[in-house]
Amino acid sequence: MSVSKADVKKVARLARIAVDEANLEHLTGELNGIMGWIEQLNEVDIDGVEPMTSVVEAQLKMREDIVTDGHKADEILANAPKSDDGFFVVPKAVE
Amino acid sequence: MLTETRPSYRLTGSTGDWEVVMGLEVHAQIASKAKLFSGASTAYGAEPNSNVSLVDAAMPGMLPVINRACVEEAVRTGLGLKAKINLYSRFDRKNYFYPDLPQGYQISQFAHPIVGEGELLVDVEPAHGEPSYQFPVGIERLHLEQDAGKSIHDMSDDETYVDLNRSGVALMEIVSRPDIRSPLEAAAYVKKLRAILIALGSCDGDMEKGNLRADVNVSVCRPGAYEKFKATGDFSHLGTRCEIKNMNSFRFIQQAAEYEALRQIELLETGQQVDQETRLFDPNTGRTRTMRSKEDAHDYRYFPDPDLLPLRLDPDFVEKIRASLPELPDEKRIRYMHEYGLSAYDAGVLTADADRAAYFEEVARGRDTRLAVNWVNQELFGYLNKQSLEITDTPISAAALGGLIDLITDQTISGKIAKDVMLKMIDTGKSASDIVEAEGLKQVTDTGAIETLVNEIMAANPKQVAQVQAQKEAGHAKPKALGWFVGQVMKNSGGKANPQAVNEILKEKLDL
């Protein structure tokens with residue numbers, strides 16, 4: 001599988017990363033390098049092998065249904081470039 | 001009346017008949033105290049950004065920890081939908097950018113949902129007195145996911161205000177098979193699903209608050225095409241579908257589906273094509289409009305969330321929940337048939353909606369069942385249907401209607417007068433006894449007063465008295481002319497005389 005310049009453009013747009021035309025060629029090469037590297041992994045026979053989700057045998061930890069957090073709007077908003085009356089304020093985003 | 005046949009919904013265009021095929025995705029907020037992956041509260045209507053933890057705001061380094069109660073409710077709901085519970089499920093990241101999604105992805109379950117295939121029996125009550133019917137809808141899956149925050153676009157001309165209180169609240173997305181064949185059936189499906197969720201207690205079903213909302217996928221096809229799809233499973237027999245997002249009322253779901261089907265038919269009949277897209281329903285215009293088109297379609301790039309291990313359930317955990325399942329609407333219906341001796345139809349009408357069932361049980365408690373059913377199903381629901389009101393909008397509380405029924409039971413008023421009293425209760429909001437008292441509608445059971453009336457009428461109508469006697473001598477056990485006397489007495493008493501007492505006194509006086 002190889003990545004085209006159009007693919008790189010699309011991925012960049014989906015990730016909201018601005019990539020100018022001049023950089024596309026270079027990035028396409030880099031991504032193809034990474035893809036090639038991952039493709040090598042496909043050569044390993046993994047028939048009957050469960051996907052490994054953790055290096056240790058562990059169960060998903062669960063929490064009880066108790067309210068233990070919140071009421072820190074000031075902290076939540078502390079890094080916001082703009083806030084008003086307890087809300088985050090961002091440029092108009094109507095879908 | 002309940003019928004076995006499911007009517008087919010046909011729309012006639014300029015080039016022939018069309019049918020509709022629909023599948024629904026319902027988002028139901030889990031009735032938990034804390035969020036799916038954080039300890040912040042799910043309480044509605046709090047100050048903006050006050051029910052937000054650093055996890056919900058996606059601060060770097062924060063890790064999600066799943067809420068056990070949310071897992072239990074998803075399993076409970078799966079069992080209520082007679083669905084397969086997957087002992088292994090997993091969380092995936094659904095990636096997209098939007099200001100109310102601080103993580104840049106929603107934690108959802110894509111490849112391995114917690115609940116697999118199930119089935120739900122839908123009860124449909126068409127308007128205009130057509131017979132009710134039931135039909136099954138296949139449930140494809142139910143999965144757990146996070147809700148997003150709330151964007152408010154009308155607080156500023158060029159800015160959007162964001163409140164993250166809802167961010168991270170647990171949702172169950174319940175996906176149906178394309179088994180729904182009319183706009184009315186789509187609304188009925190959501191009604192039944194809501195009744196089940198409320199009975200289970202896994203979601204409060206509050207649609208106004210957005211705690212239950214539906215996305216409706218609509219496509220149209222020619223008669224016969226759907227049957228080919230069912231036989232082969234090949235979607236190419238069906239038309240291109242559009243998804244109408246986020247509707248939070250039964251009426252909107254029905255209206256949006258009706259409009260959307262007609263819109264698609266018009267496109268196809270004028271040589272255009274239906275584009276697969278997401279649309280929004282505008283209740284003010286009754287139309288749907290493009291929300292995002294295909295070119296802009298999201299590419300969610302799902303992948304397993306590395307912050308969360310797979311969710312493995314112990315079979316005992318599932319069995320414990322199964323053992324604690326409450327009575328579900330279909331079981332309630334069967335109980336009503338046995339316990340109250342109701343017909344399948346009456347029981348179905350009452351149990352199709354959790355609010356109706358609760359209302360009926362309150363009215364029926366300690367009262368005559370037959371009267372309770374008649375007054376709830378016939379008189380009250382008849383009124384509500386005529387006014388296009390839901391039971392939750394009822395102008396008469398269950399206690400107030402019970403009070404009216406009590407007046408019939410203790411013979412204070414007749415059933416006929418009670419109907420007028422009910423309308424007056426709706427108009428004035430007063431109790432039945434206040435209205436009966438104020439308007440002097442009390443039934444006359446005083447035999448002396450009735451006797452006086454009977455004597456007057458007999459004295460004024462010797463011809464009719466003679467007629468009764470003649471009929472009696474001719475061997476009629478119930479002389480027809482007696483009915484005439486009953487009518488006269490009732491008329492002269494303004495409908496207030498107790499009919500039973502009138503009958504008895506007349507028989508005595510006329511020597512029958």
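This is a predicted model: local features need pLDDT of at least 70, side-chain atom pairs count only at pLDDT 80 or more; totals for chains, interfaces and linings use all residues.
A salt bridge here is a side-chain nitrogen of Lys or Arg within 4 Å of a carboxyl oxygen of Asp or Glu. By this rule, four salt bridges cross the interface of domain 1 and domain 2 of chain B. Four residue pairs, with both residues at pLDDT 80 or more, are in polar contact between these domains. A polar contact is a pair of N or O atoms within 3.5 Å; within protein, one must be able to donate a hydrogen and the other to accept it, and residues adjacent in sequence count only if both atoms are side-chain atoms.

On the side of domain 1 of chain B that touches domain 2, the elements giving two or more residues are strands S8 (118-124) and S9 (132-146) and helices H2 (183-200) and H4 (250-269). Helices (H or I, at least four residues) and strands (E, at least two) are DSSP runs, numbered from the N terminus. H2(B) gives the largest share, eight residues.

Chain B is assigned domain 1 (2-42 + 53-321), domain 2 (327-439) and domain 3 (447-509). These bounds come from an automatic or database assignment. The centres of domains 1 and 2 of chain B, taken over C-alpha atoms, are 34 Å apart. Contact (heavy atoms within 4.5 Å) involves 18 residues from domain 1 of chain B and 15 from domain 2 of chain B.

Residues are numbered from 1 along each chain as its sequence is written, and chains are lettered from A in the order in which they are written. Local features need pLDDT of at least 70, side-chain atom pairs count only at pLDDT 80 or more, totals for chains, interfaces and linings use all residues, and side-chain values use heavy atoms, without hydrogens and water.
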